[in-house]
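Have a look at the structure first.

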Amino acid sequence: MPVIEDIAAFADELTAIRRDFHEHPELGFQEVRTSGIVAEKLAEWGIEVTKGLGKTGVVGVLKGTKPGRTIGLRADMDALPIHEETNLPWSSRTPGVMHACGHDGHTTMLLGAARYLAENRDFAGTAVFIFQPAEEGLGGARAMLADGLFDKFPCDEIYGMHNAPHHQPDLVQVKKGPAMAGSDFFDIKITGRGSHGARPEDSKDPVVIATALVQQLQSIVSRNVAPTSPAVVSVTKIHAGDAYNVVPNTAELGGTIRFFDTKVGEMISERMRAICAGIATAYDVEIAVDIRNVFDVLVNDDSLSDAILAASGAVVGEEMSGLTTELVMGSEDFADMLRAVPGAYCTIGHSGGIPVHNPGFTLDDAILPVGASIYANLVTQRGAAA
């Protein structure tokens, strides 16, 4: 079976919705316009709507005509602080904010599934449509969980998907078990002593100390983590000073830790704190370290990974729907929902070609009815599952 015929019939409307979202991107926990449109659409189609879960999250509930399982479907809504450079007619109208990760497409695909199921209610079970805010490192999933997401809307299983511009169009892949890395973010502040740039001997130079620290941090993974356990420590920010002739008082570093084993992540954090303490003693300065967990390791349920492949294979063909062994060092806070409810998370390829989180990223609208059909199939297939 190809893309569901009824969904294909309103594909142009999905494209219009997606492009409207793209023109009006909103950062995490600021998705007021986006969530408002989502809620209006769901209500228009006769779906029970709850707003304000996790600040700007929206949940829709639709009961089928027969008893069955409750299937959760999740899409993220937030954009990124990136200035768009695509020059498309529907480019972002908000300077410095862009849907550079395709969340506008994810939201639209889930809306497409919701509309189809609302118009074709002859299915077993209940569909729970979860529109999540603030996926991009701000903890939107945890905010919804803290607001009682699965207490108020219990689900037997839950599914999500992400566009993949680096994959063959319409190729759907899922990895069983651990699939995406857990992640911590860190901030380090070095407080030394400033001086005139011509008299560095009067200083405790935080810039020199910062460069030494960056080098030391690189040894954590290479000399403490087995090569068979993927892990990353990346310093992505260094800020110090404002003048050519001033040694500054402080320097600040920031970055990320990635891991697939939480014990490895904890060990990296411990080593980072120990290295900072040692360097602080060696240079006679103060170093403050803040390390915080942002994403859990995303773990797909084995049997429900098969379920998502069955639902997608019916749309794109079995030859275009399969398992992958690839571990992804990127992180996804759908992992937090999967810790609460079993489920699976897949990728769907498209012809955009430019990677996500890039100012030139584009989403191929042809995947909108494909993703919507996969979501709809999950409800109709899994809702009736024994």
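Predicted model: local features only at pLDDT ≥ 70, side-chain atom pairs only at ≥ 80, totals over all residues.

Residues are numbered from 1 along each chain as its sequence is written, and side-chain values use heavy atoms, with hydrogens and water left out.

Let's start with the rings. Rings of Phe, Tyr and Trp (its six-membered ring) pair if their centres lie within 6.5 Å; planes under 30 degrees apart count as stacked, over 60 as edge-to-face and the rest as tilted. By that rule there are two aromatic pairs. Phe185 and Phe295 are edge-to-face, because their planes meet at 75°, with the ring centres 6.4 Å apart. Phe185 belongs to strand β8 (residues 182-191) and Phe295 to strand β13 (residues 286-295), so this pair links parts 110 residues apart in sequence. Helices (H or I, at least four residues) and strands (E, at least two) are DSSP runs, numbered from the N terminus.

Buried or exposed? Buried means under 20% relative accessible area, exposed over 50%, and partly exposed in between (1.4 Å probe, protein chains only). Phe185, at 25%, is partly exposed, while Phe295 is buried at 5%.

Phe334 and Tyr345 make a tilted pair, with 5.4 Å between centres and 35° between planes. Phe334 sits in helix α10 (residues 334-340) and Tyr345 in strand β16 (residues 343-349), so the parts they tie together are 11 residues apart in sequence. Both Phe334 and Tyr345 are buried.

Two rings also have a charge over them, meaning that NZ of Lys or CZ of Arg is within 6 Å of the ring centre and within 35 degrees of the ring normal:

| Charged residue | Ring | Distance to ring centre |
|---|---|---|
| Lys55 | Phe29 | 4.6 Å |
| Arg115 | Phe10 | 3.9 Å |

Back to β16: six of its seven residues are buried, so the rest of the structure largely encloses this strand. Strands pair if DSSP finds at least two bridges between them. Strand β5 (residues 157-164) runs parallel to β16, joined by seven bridges, and Met161 has Cys346 as its bridge partner there. Strand β6 (residues 172-174) pairs with β16 in the antiparallel sense over two bridges, with Gln173 opposite Thr347.

Finally, helix α4 (residues 103-119) has 16 of its 17 residues buried, so it too is largely enclosed by the rest of the structure.
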